[in-house]
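Subject: Handing over a structure

Hi,

Here is the structure I promised to pass on to you. Please open it first, and then read my notes below.

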Amino acid sequence: MNLKTIVDKLYAAETNATEVKRFTASLSNFTMEQGYEVQELLLALHRQSGAKLVGWKMGMTSKPKMLQMGISAPIRGFLTDRMQIADGGEISLAERIHPKIEPEIAFILGRELSGQPSLLEALSAVSAVTCALEVIDSRYENFDFQLPDVVADNCSSSAFVLGSKLVSPRNFSMENLGITLECNGRPVQFGSSAAILGHPARSLVELVKLLDKEGASLPPGAIVLAGGATAAHPLADGDWIRASVEGLGAVECRASRSPK
Ligand code: OOG
Ligand code: MG
């Protein structure tokens, strides 16, 4: 199986909301580098269909997540304009396989970030911090994947919602913020931003370093999801989801099976 075949299978799985078997099950030598090559080609297919790159998501940046997934290194995926859902908007379950949702912290870049920035340099390039939700929907059966598979599959990313309270990082400490995820008014996950590499902006630093390896940088306006701090919660028809992050307000959405 060549990389193009893998890309086509993943793109079809995403478009048709059907699952595939993880590729490492049959290709024992499928590497992380090839996983990123596939992700690149996947982004190219989305762009050909008219989607625009608006930012990046970090994954596996927290202990609970690493435990849940049984793996241990930060990874990154892309975000397009088509993946964005308005605060209070609807997540279509019909268009997804087995979606789960997780609270996130998002950064919006005020100016370009490149190279190997320090935490302080990264933070000073951020124009706003907000709370967010990410919908993950692994295209693999039972969310069963290894690192190269999940990287190829755009790190399971499917949709995201940004909150509407934009906070300047200037006088705002974000290393230990309480995070709550509610489903239909019931708290289902609790966490702290400390779970994201000890400070969510470290995730931003890691992303810039990852992009730098490919000679790329983060442009002004880019949206960055820092990575989950809790386990993800499975979505069911009619679920009303709300995430709140201390100091960053709240963000909401509803899951619905009926096609739009
Ligand atoms: C991979 C996505 C990880 C995060 O925030 O750590 C992720 C997965 O768990 O399927 O989005
Ligand atoms: Mg995430």
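With which side chain does the side chain of threonine 24 make a polar contact of 2.5 Å? The partner is the side chain of aspartate 149; a polar contact here is a pair of N or O atoms within 3.5 Å, and within protein one must be able to donate a hydrogen and the other to accept it, while residues adjacent in sequence count only if both atoms are side-chain atoms.

Before going on, a word on the basis: this is a predicted model, in which local features need pLDDT of at least 70 and side-chain atom pairs count only at pLDDT 80 or more, while totals for chains, interfaces and linings use all residues. Residues are numbered from 1 along each chain as its sequence is written, chains are lettered from A and ligands numbered from 1 in the order in which they are written, and side-chain values use heavy atoms, with hydrogens and water left out.

Back to threonine 24, which sits in the loop between α1 (3-16) and α2 (32-48) (helices, H or I, have at least four residues and strands, E, at least two, as DSSP runs numbered from the N terminus). Its side chain also has a polar contact of 2.9 Å with the side chain of arginine 22. Leaving aside residues up to four places away in sequence, threonine 24 touches Phe30, Gln146, Pro148 and Asp149 (contact means heavy atoms within 4.5 Å). Threonine 24 has a relative accessible area of 11%, so it counts as buried (under 20%; exposed is over 50% and partly exposed in between, with a 1.4 Å probe and protein chains only).

Now to the metal. Glu102, Glu104 and Glu134 coordinate the magnesium ion (ligand 2) through OE atoms at 1.9 to 2.0 Å (donors are N, O and S atoms within 2.8 Å of the metal, or 3.2 Å for Na, K and Ca; water is not among the atoms, so sites may look incomplete). The spacing of these donor residues in sequence is E-x1-E-x29-E. Both glutamate 102 and glutamate 104 are buried.

The glutamates also meet ligand 1. An oxygen atom of ligand 1 lies 2.9 Å from a side-chain N or O atom of glutamate 102, and for glutamate 104 the distance is 3.1 Å. For glutamate 134, an oxygen atom of ligand 1 is 3.0 Å from a side-chain N or O atom. On its own, ligand 1 exposes 320 Å², and the protein buries 100% of that (Shrake-Rupley method, 1.4 Å probe; for residues, only the protein chains shown count as cover).

Enjoy looking around!
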